[in-house]
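Please have the sequence and the structure in view as I go.

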Amino acid sequence: MLASKAALSSGDDSWSMYVQSEVRAIEGYPVVLPCTFSHPQHSQHSSLQVLWRLGHGQSATVLYRCTSHSGTTTCDPGPQQDQRYRLEGNPREHDLSLRINTATLQDSGRYYCRVEILGREHISFEDKMGTKLRVETPPKILALTVEGTEQSGFRAVCQVQGSPLPDIQWLGPDDLLEGSLLGPLAQGSQPHNYHTVSQLRDVEPGQQYTCSASNPLGREQATLYVLTPKPLLSVGAASPPLLLLLSLSLGAKVILLVGLGVWMVQGGALQAPRCWWK
């Protein structure tokens, strides 16, 4: 990782701060954001306040705040502090490094560390470049479905999550098929895109189709079987065809089973398409 010396001081040129320009983490594991600083000697005997923020300016969110009182070696967070965050370093040893337990994709962003000398002359010092945290995760297929009608044609839709954003390929029984990308999709208010959607047109009953998602951390795939059962006999006409969708991930673990069809009223009785879970 690249280290950078970047700071915004309010009063003394002898301050300096060192951070890493970028840190990478794996979803579900802890990560540490390094931040060390130097300061005038008189601050050794002053109370210190440490802050870590996500984002900059008016939209910044304070994620961690603690106070190290004069004569102590600890930095005490407030009672409402989120327990996912803790100070890994010791401010008295010029170390403000922050630990995030169990990193999530939503933790990705740019972080800024700040130290304040409390007292009559309030002095603050802050990293102005920030550390970019990039949380990564292998591909995960969230859903594999069939949409459409007999008249308009059926299409398979594969929704995938991952960081870096996964590539999606469609495989038929014998060859690679041409799908079309519908994403990436942003989730909620987060500016980061971790979800992408691809569709495969002209899906036919009696065939199987595989959605394969990959990024540098791994690969996952799911297979779609579209079945046409024998038509149900009824007075006057045969019932419309029934499509059954079975999606399997690697290791033959069942993800999804969906019956696609219509409810039918025949002779006053209500019948529903049958779905089996394997």
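This is a predicted model: local features need pLDDT of at least 70, side-chain atom pairs count only at pLDDT 80 or more; totals for chains, interfaces and linings use all residues.

Taking a disulfide as a pair of cysteine sulfur atoms within 2.5 Å, the count comes to 3 disulfides. Residues are numbered from 1 along each chain as its sequence is written, and side-chain values use heavy atoms, with hydrogens and water left out.

Counting bonded cysteines along the chain, the pattern is 1-4, 2-3, 5-6.

C35 and C113 have their sulfur atoms 2.0 Å apart, and this link joins distant parts of the chain, with C35 in strand β6 and C113 in strand β12, 78 residues apart. Strands here are DSSP runs (E, at least two residues), numbered from the N terminus. Both C35 and C113 are buried, which means under 20% relative accessible area, with a 1.4 Å probe and protein chains only.

C66 is joined to C75, and this disulfide is right-handed because the torsion about its S-S bond is about 90°.

The disulfide of C158 and C211, by contrast, has a torsion of about -80° and is therefore left-handed; C158 lies in β15 and C211 in β20, so the pair ties together parts that are 53 residues apart in sequence.

Staying with β20, this strand runs antiparallel to β21, joined to it by 8 bridges, where pairing requires at least two bridges found by DSSP. A hairpin of 2 residues connects β20 to β21, and N215 has G218 as its bridge partner in β21.

Notes:
Helices (H or I, at least four residues) and strands (E, at least two) are DSSP runs, numbered from the N terminus. Buried means under 20% relative accessible area, exposed over 50%, partly exposed in between (1.4 Å probe, protein chains only).
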